[in-house]
Structures are given as structure tokens and as C-alpha cells.
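I set down what I looked up, topic by topic.

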Amino acid sequence: MNNLSVNHLTGIRDLTREDIELIFKTADSFKEVINRPIKKVPSLRDITIANLFFENSTRTRLSFELAEKRLSADVVNFSASSSSVKKGETLIDTVNNILSMKVDMVVMRHPNPGAAKFLSERVNARVVNAGDGTHEHPTQALLDAFSIREKLGSVEGKKVVIVGDILHSRVALSNIYCLQKLGAEVMVCGPTTLIPKYIHELGVLVEHNLRKALEWCDVANMLRIQLERQDIKFFPSLREYSMQFGLTKEILDSLSKKIIVMHPGPINRGVEITSDVADSDQSIILDQVENGVAVRMAVIYLLASKIGR
Ligand code: CP
């Protein structure tokens, strides 16, 4: 197979295992490209991509922009905080105005779950979800699984625990879908208040004891507590959260095997993970960031190949 089964990437839920494997195979080639002295290929010289960010981002935004430029696409960037959205313009009006300028693909981060899907059903352009509220963050899950595959040889049969704020995390949901499609076993770990009630329907294991979860896994993906999405208190204090669910070097070194530590960023050092763990040789956090560019190049390239030109 050399074509995706979807025309947009709005969520991992819509992808088949074959889609994910095609993205990884394509990303393998692009990873080789971005490590050459000349890190650019002319593949998308005739494509224009708009990056629409209605919510803050560092990694995802820079990573998409680099991926697009490495493919030689023309790129325009839009930030809601400095746009006419502030004057009351709707999402569809904003996007249609941008598309009138002959844009072929839209990469969008938005605070509302379902925003990317909504857009993909209403505009004549390819849409890539760069994170929609608490729903999905598909390219993060793809780069996470790609990084596990790179480090451990495959994702099939591996045990991955996702620790922390599962309730508010689009990274957690996309990771669960992606890892399961690739044959991994998934566990979530965190305080009861931060584990959604529907979690068992997703076929994941639940553990509230961090040490037990870490003894079980091959890979621990440590999530940030999303205080910006919490208008009520889900745990007594950050200090208490950190004492129960924070990953320290002492815990890591006391485990019976060497596990891999991941984090999607941004890190709250000293809350969900200490600095000596984040910077240890078991951490692949910066590999995740590097792989993000190659994986996003693959997604954009494969979706662009479906544009009728
Ligand atoms: N991992 C991630 O989505 O980071 P940003 O919010 O900085 O893009």
C-alpha cells in the first residue's frame, strides 16, 4: 500500500494499522533526509500550507513549519491571538478567507474537541489536526510510537504505561488508539480523579500505584498536569501529586529492569518528572522531538499526494 485510506488526519481513530505503517516507512526516509547536510527535498514545491494555531504551542508549531519547509512547501502562519478572531470572526470565515488565497492544506490546533473534523467536512483543503482540545493529537501519538519502534525495534507486544492527567489529555487518547492498533498493551496510571470513567471501554489497564505500573511496563510516557484545562481541583496540591505520581531517579534506578522514559512536552520539571530523569540516558524526550519533524513530513507528504493537481 502506498496511499493513506484517509484524505485528512483528524484523529488516529480513523487510521488503519497499514496507514500507520505507511507513515512510519515514509518517515524513515525523511529522517534520513533531515540528517543530511542539505535537509530539503523539492517534493511539495507547488503546495501551500497554512498553520492555524488557535491555542499556544512550541514543539508542534515549529515542527510542522520545519516539516513543511523541508518539503519545499510555501508556508503561511496564523496565530489567533493576533488575528481578526479577536474581532469576532468565526472559524469557518477565517479559514475560508485563508483558503481564498489558494491554500492546499490546513494544519490546525484548536481548543474545541472535534474542530479539525468539523473543518475537514466544510472546506476544500486537506486538514491535519495539530491538537483539538482534550480530544486527539494524532501526530504526537505517531511520533511517540515511531520513537518506541526506533528504540525497541517494534511496538507490537510492548507494554506502555501513560502516567498522569489522562482526563484532559489528547496525547493520552491518541496514544491509546495508536499503540493498540500497533499491537502494544496499554496501561494508564494516575489519581482516580484524573482517569476518565469510560477508560475501561478503551481496553486499557488501570493502575493507581506508580511503582507497580513502572514494574509492569517497558515504556513510561509521563504526561503534564494540564492546569489550564482544570477549573476545579482534581488533587490536593502539585506537591502531593508529585509525591505520588512524579518519576524520580530514585524510583527509576530501583526498578528491576531499565525502562524507557518519554514525555510529549512541555515538561513541568519537578512535578511529573525530575530533571535528572528527563536528562537521563533512559529518556528519549529529545528523540521524540527530532522524530516529530520526520513523522510530520511523512503525514503532509502522503496527504498532499492525494490532492488533485
Ligand atoms: N507536545 C506538544 O503538543 O507540545 P506543544 O504544546 O508545545 O506543541
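I counted as a salt bridge a side-chain nitrogen of Lys or Arg within 4 Å of a carboxyl oxygen of Asp or Glu. I note that this is a predicted model, in which local features need pLDDT of at least 70 and side-chain atom pairs count only at pLDDT 80 or more, while totals for chains, interfaces and linings use all residues. Residues are numbered from 1 along each chain as its sequence is written, and side-chain values use heavy atoms, with hydrogens and water left out.

**Entry 1. Salt bridges**

I searched the whole structure and found 12 salt bridges. Between domain 1 and domain 2 I counted 4. I looked up Arg149, which forms a salt bridge with Asp28; their closest N and O atoms are 2.7 Å apart. I then looked up Glu150, whose salt bridge is with Lys31, again with 2.7 Å between the closest N and O atoms. Glu150 lies in helix H5 (residues 138–152) and Lys31 in helix H1, so this pair ties together parts that are 119 residues apart in sequence. Helices (H or I, at least four residues) and strands (E, at least two) are DSSP runs, numbered from the N terminus.

**Entry 2. Domains and their interface**

I took the domain bounds from an automatic or database domain assignment. Domain 1 covers 12–137 + 289–304, and domain 2 covers 138–285. I read 25 Å between their C-alpha centres. With contact meaning heavy atoms within 4.5 Å, 31 residues of domain 1 and 28 residues of domain 2 take part.

The two domains bury about 2,600 Å² between them, 60% of it on carbon and sulfur atoms. Buried area here is the accessible area (1.4 Å probe) that two parts lose on being put together, summed over both. Ile12, Phe24 and His137 supply 27% of the area that domain 1 buries against domain 2, more than any other three residues.

I also looked up polar contacts (N or O atoms within 3.5 Å; within protein, one must be able to donate a hydrogen and the other to accept it, and residues adjacent in sequence count only if both atoms are side-chain atoms). Across the interface I found 16 residue pairs in polar contact, both residues at pLDDT 80 or more. Elements giving two or more residues to the domain 1 side include helix H1 (17–34), helix H2 (59–70) and helix H11 (285–304). H1 gives the largest share of that side, 8 residues.

**Entry 3. Ligand surroundings**

Which residues are around the ligand? Taking a heavy atom within 4 Å as the criterion, I listed Ser57, Thr58, Arg59, Thr60, Arg109, His137, Gln140, Pro264 and Gly265. A backbone N or O atom of Thr58 lies 2.8 Å from a ligand oxygen atom. For His137, a polar side-chain atom lies 2.9 Å from an oxygen atom of the ligand. A polar backbone atom of Pro264 is 2.8 Å from a nitrogen atom of the ligand.

**Entry 4. Backbone geometry**

Most residues other than glycine have a negative phi, and most peptide bonds are trans. I noted that the peptide bond from Gly265 to Pro266 is cis, with omega near -10°. Pro266 is in the loop between strand E9 (260–262) and helix H10 (275–278). Ser72 is not a glycine, yet has a positive phi of about 70°. I located Ser72 in the loop between H2 and strand E2 (74–79).
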